[in-house]
Amino acid sequence: MALVVVGASLAGLRAVEAARRGGYRGRIVLIGAEEHPPYDRLPLSKSFLAADGSGRVDPFHTEAVLRDEIGVELMLGAPADGLDTAAREVSVAGTTVPYDALVIATGATARRLPGSDGIAGVHTLRTAEDAFAVRAALDDGARTVVIGAGFIGSEVAAAARKRGLSSTIVEALDVPLVRAVGAEAGAVCASLHHDAGTELRLSTTVTGLESDGGAVTGVRLSTGEVLPADLVVAGIGVVPATGWLAGSGVPLHERDGGVVCDATLSTGVPGVYAAGDVAHASNPLFDGELMRLEHWTNAAEQGAAAARHALAPATARALAPVPYFWSDWYDHRIQFVGTPRADEVVAAVPEAGGFTALYRRGDRVVGALTIDRPREIMKYRRHIAGRAPWPEALAFAAGTAA
């Protein structure tokens with residue numbers, strides 16, 4: 001029996017840990033495109049960029065621990081480049097790796113800004129190498145321009161402002177994060193940027209970059225304005241890393257190419273499961289909605305479950321999690337549970353400060369966003385998990401607002 005995990009990510013790590021914790025003693029192979037063993041990506045856009053941050057990216061486990069204590073064969077530094085589901089083999093740089101059970105945990109790759117190849121100072125923020133480059137630019141006092149007002153980009157902008165550096169966000173939509181949290185909550189998030197001195201260029205696109213000597217000097221906008229810049233960070237989304245699955249028979253989503261799974265994380269191909277950022281998984285708590293989540297908790301939970309189910313399919317059970325993520329901007333904590341896909345959003349500004357938005361679908365609460373209300377968010381999570389009726393959630397919100 002051999003378990004192969006493709007993707008040395010958080011989901012991949014939790015998969016191998018869960019296999020051993022569950023008593024599996026067979027062969028485990030962990031394949032990763034990066035040379036590093038699995039490390040925590042979450043701080044890369046948060047504490048790592050702070051002026052007083054450690055400046056280090058440490059792995060969850062050293063290679064020695066993974067090999068000698070957990071018993072994992074490591075194949076790092078080259079991505080998987082093919083999958084033969086009939087032969088049950090993964091190909092990696094000319095080598096074939098046989099499997100009996102397979103977990104796909106390859107995550108996603110950041111979209112690059114068109115026309116940025118070969119221009120120094122233009123980065124994405126997805127890997128440790130990306131984070132080191134962005135931090136070095138901030139250490140040098142870079143004038144910072146972020147393309148995209150999503151959570152990662154906003155955290156970069158916040159890190160620049162906390163260092164006292166100029167920071168501008170360029171966003172094509174008229175309200176930041178409107179697709180992620182809705183218009184009202186997005187407008188409140190925009191106010192956090194304004195209050196901190198970050199400039200927002202909304203309803204604006206990038207038409208090109210200016211450079212001198214191979215290094216970026218400015219960002220040209222659709223308005224005709226040129227923003228001076230020493231550092232440009234593209235936060236314009238990601239693409240699931242599934243190119244290696246072409247022709248394999250593993251079902252891929254028509255929109256973004258992510259792996260399509262049922263609620264047990266099975267792809268429908270015998271022995272093949274998926275987890276983390278790469279996976280569109282059906283969630284029975286939200287009417288079977290397919291969810292592809294780029295969240296830390298989701299990757300950890302799905303990675304462990306995918307390994308358990310791949311090794312013992314007969315015991316697989318449907319997962320029905322309440323998604324959760326958080327983001328730190330300036331001195332504010334933004335937290336979200338559930339889904340923003342709703343029929344109605346009700347927002348409130350509690351007397352004690354902060355902000356709360358509740359999301360209704362049908363007759364029940366399906367989502368909640370809070371800003372600077374950390375004690376409440378997990379209570380809303382329990383409401384959502386328990387399929388609490390909408391009036392009950394509103395009554396709870398009214399009680400906490402006093």
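A cavity, for this talk, is a set of points on a 1 Å grid over the protein atoms alone where a 1.4 Å probe fits but cannot get out, and its lining residues are those with an atom within 4 Å of a point. Grid points are joined across faces, edges and corners, and a volume is the space filled by probe spheres set on the points.

Before I turn to the results: this is a predicted model, in which local features need pLDDT of at least 70 and side-chain atom pairs count only at pLDDT 80 or more, while totals for chains, interfaces and linings use all residues. Residues are numbered from 1 along each chain as its sequence is written, and side-chain values use heavy atoms, with hydrogens and water left out.

Searching the whole structure gives two cavities of 30 Å³ or more. The largest cavity holds about 90 Å³, and its lining consists of A263, L265, A281, S282, N283, M291, L293, N298, Q302, L319 and P321. Helices (H or I, at least four residues) and strands (E, at least two) are DSSP runs numbered from the N terminus. In those terms, β20 (279-283) and α7 (296-311) each supply at least two residues of this lining, and β20 gives the most, with three. I count Ala, Val, Leu, Ile, Met, Phe, Trp, Tyr, Cys and Pro as nonpolar, Asp, Glu, Lys and Arg as charged, and the others, Gly among them, as polar. The lining of the largest cavity then divides into seven nonpolar, four polar and no charged residues.

Most residues other than glycine have a negative phi. L265 is found in the loop between β18 (259-261) and β19 (272-274). Is L265 buried or exposed? With a relative accessible area of 0%, L265 is buried, where buried means under 20%, exposed over 50%, and partly exposed in between, for a 1.4 Å probe and protein chains only.

R88 also has a positive phi, of about 55 degrees, although it is not a glycine. It sits in the loop between β4 (80-84) and β5 (89-92) and is partly exposed at 27% relative accessible area.

The second largest cavity has a volume of about 40 Å³. Its lining is made up of L293, T297, N298, E301, P321, V322, P323, Y324 and R381. Here α7 gives the most, with three residues, and the lining divides into five nonpolar, two polar and two charged residues.

I now move to open space. A pocket is an open set of points with protein on both sides within 12 Å along at least five of seven lines. The second largest pocket has a volume of about 290 Å³. Of the 16 residues that line it, K46, S47, A50, K162 and Y330 lie nearest its centre. The elements giving two or more residues to this lining are α4 and β22 (324-329), with α4 contributing the most, four residues. The lining comprises nine nonpolar, two polar and five charged residues.

Next, the charged pairs. How many salt bridges does the structure hold? It holds 22, a salt bridge being a side-chain nitrogen of Lys or Arg within 4 Å of a carboxyl oxygen of Asp or Glu. In one of them, the closest N and O atoms of E344 and R360 are 2.8 Å apart. E344 lies in strand β24 (residues 344-348) and R360 in strand β25 (residues 355-361), so the pair ties together parts that are 16 residues apart in sequence.

D139 forms a salt bridge with R163, with closest N and O atoms 2.9 Å apart. Because D139 belongs to helix α3 (residues 128-139) and R163 to the loop between α4 (151-162) and β11 (167-170), this pair ties together parts that are 24 residues apart in sequence.

Another arginine, R373, lies in the loop between β26 (364-371) and α8 (377-385) and is buried, at 9%. Its side chain makes a polar contact with that of E376 at 2.5 Å; a polar contact is a pair of N or O atoms within 3.5 Å, where within protein one must be able to donate a hydrogen and the other to accept it, and residues adjacent in sequence count only if both atoms are side-chain atoms.
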